[in-house]
Amino acid sequence: MKTRIFLAFLLVIFTALLLNFIFGWLIIRDFNNYIRSVKEDQFYWIVASVEDGYSNGRWDRRSLSDSIHWAMMLGFDIKILDEKGREVISLNDVMDRLSDPMKKRMEGLFHIHKTGGEYKSYPLHFKDKRIGTLLVRSFQKDILKEKEEIFRERAKNFVFISLIIAGVGLLVIAFLSSQYLSRPIMRLRSAAEEISKGNRDIRIDITGSDEIGDLARSFNVMVESLKREEELRKHLMSNIAHELRTPLTIIKTHIEAIEDGIIRDRDKGLENIKGEINRLIKLI
């Protein structure tokens with residue numbers, strides 16, 4: 001009984017830990033999806049800003065310069081090509097027009113010297129017409145990347161630590177609960193063994209009004225009934241023994257009296273013995 005209860009608790013614990021692990025995995029997945037969706041939204045905003053810098057068949061370099069500044073702030077290095085593949089403007093063009101102090105500040109702030117590999121190309125359109133190509137690559141911003149990694153690491157640590165704490169705590173609770181829930185059943189089993197040994201005075205303390213309490217109450221009623229039946233059986237056997245002993249004693253006495261010659265009328269003595277035997281037959 002105790003083992004089954006403990007195994008049932010273990011199943012519940014395993015399910016809870018599995019759900020906790022899945023919850024942590026979902027948090028990290030949703031965070032990665034959030035980062036990716038934010039970058040996609042930022043990228044499409046940049047595309048819209050660049051396309052807005054084209055009008056009347058010409059590129060507005062000032063508007064494109066603003067778009068590149070915004071792209072830099074969002075962590076992107078971009079380059080715009082016209083419909084013939086010629087470079088219209090790039091990050092280097094914008095940086096060359098800055099003063100040296102501003103250039104150093106921009107390089108330190110946006111990590112311009114650290115880029116994320118090759119450019120990816122995306123078509124640019126204006127009124128369903130191909131007007132050029134946008135080349136994009138990401139800056140490797142150490143601070144932002146470090147914060148993202150810290151969040152992921154903390155999320156993993158949180159899941160791991162919560163799994164350990166929950167696992168150990170639930171194991172202790174399962175053990176104590178199995179002991180607590182099985183204790184009344186163990187008392188019932190011990191009391192049943194005592195009854196099988198002939199002890200009719202044992203009783204079980206009723207500590208609750210639940211199913212276990214009802215079972216203990218029924219058990220006590222059963223023991224009371226068994227005790228009354230036992231007393232009745234003993235009383236009945238005592239009466240039967242007394243009723244059987246009386247005619248047997250009389251028969252024995254008459255036989256000894258006949259043998260010793262105390263009863264001279266043999267026929268009368270045998271008649272008395274016969275009467276006691278008939279009485280004995282009726283009793284049996």
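Biologist: Which residues have the most contacts inside the largest nonpolar core?
Modeller: Val50, Trp59, Ile68, Ile78, Ile80, Leu124 and Leu134. That core has 23 residues. Keep in mind that this is a predicted model.

Biologist: Which elements supply at least two residues each?
Modeller: Helices H1 (2–51), H2 (61–74) and H3 (91–96) do. So do strands S3 (76–82), S4 (87–90) and S6 (129–138).

Biologist: Take Ile78. What does Ile78 touch, not counting residues up to four places away in sequence?
Modeller: Ile46, Val50, Ser67, Ile68 and Ala71 are on the list. Ser90, Leu91, Leu134, Leu135 and Val136 are on it too.

Biologist: What about another core, apart from that one?
Modeller: There is one of 7 residues. Leu188, Ala216, Phe219 and Val223 are among them.

Biologist: Let's step back. How many helices and strands does the protein have?
Modeller: It has 7 helices and 6 strands. From the N terminus on, the order is α-β-β-α-β-β-α-α-β-β-α-α-α.

Biologist: And what share of the residues is buried?
Modeller: Buried residues make up 27% of the 284 in the protein.

Biologist: What share of the contacts with a separation of 6 or more links residues 24 or more positions apart?
Modeller: That share is 61%.

Biologist: New topic: helix packing. At what angle do H6 and H7 pack?
Modeller: About 165°, with their axes 9 Å apart. H6 covers residues 211–260 and H7 covers 266–283.

Biologist: Are H6 and H7 roughly parallel or roughly antiparallel?
Modeller: Roughly antiparallel, because the angle is over 145 degrees. The crossing of H6 and H7 is left-handed.

Biologist: Which residues make the contact?
Modeller: From H6, they include Leu244, Leu248, Ile251, Ile255 and Ile258. From H7, they include Leu270, Ile273, Ile277, Leu280 and Leu283. By class, the contact has 12 nonpolar, 4 polar and 4 charged residues.

Biologist: Staying in H6, is Asn220 buried or exposed?
Modeller: Asn220, which sits in helix H6, is buried. Its relative accessible area is 13%, and under 20% counts as buried.

Biologist: What is Asn220 in contact with, beyond four places in sequence?
Modeller: Arg203, Ile204 and Ile206.

Biologist: Now Lys120. Where is Lys120 found?
Modeller: In strand S5, residues 120–126.

Biologist: Is Lys120 buried or exposed?
Modeller: Lys120 counts as exposed, because its relative accessibility is 56% and the cut-off is over 50%.

Biologist: Which residues does Lys120 contact, leaving aside neighbours within four places?
Modeller: Leu134, Leu135 and Val136. Ile78 touches those three residues as well.

Biologist: And how far apart are Lys120 and Arg137 in space?
Modeller: They are 6.3 Å apart, C-alpha to C-alpha. In sequence, Lys120 and Arg137 are 17 residues apart.

Key: Residues numbered from 1 in each chain as written. Predicted model: local features only at pLDDT ≥ 70, side-chain atom pairs only at ≥ 80, totals over all residues. Heavy atoms only, no water. Axes fitted to C-alpha atoms, helices over the stretch in contact; angles between N-to-C directions. Helix = DSSP H or I, 4+ residues; strand = E, 2+ residues; numbered from the N terminus. Parallel < 35°, antiparallel > 145°, perpendicular 65-115°, else oblique. Left-handed = near helix turned anticlockwise from the far one by under 90°. Contact = heavy atoms within 4.5 Å. Nonpolar A, V, L, I, M, F, W, Y, C, P; charged D, E, K, R; others polar. Core = buried A, V, L, I, M, F, W, Y, C linked by side-chain atoms within 4.5 Å. Buried < 20%, exposed > 50% of the residue type's maximum accessible area, 1.4 Å probe, protein only.
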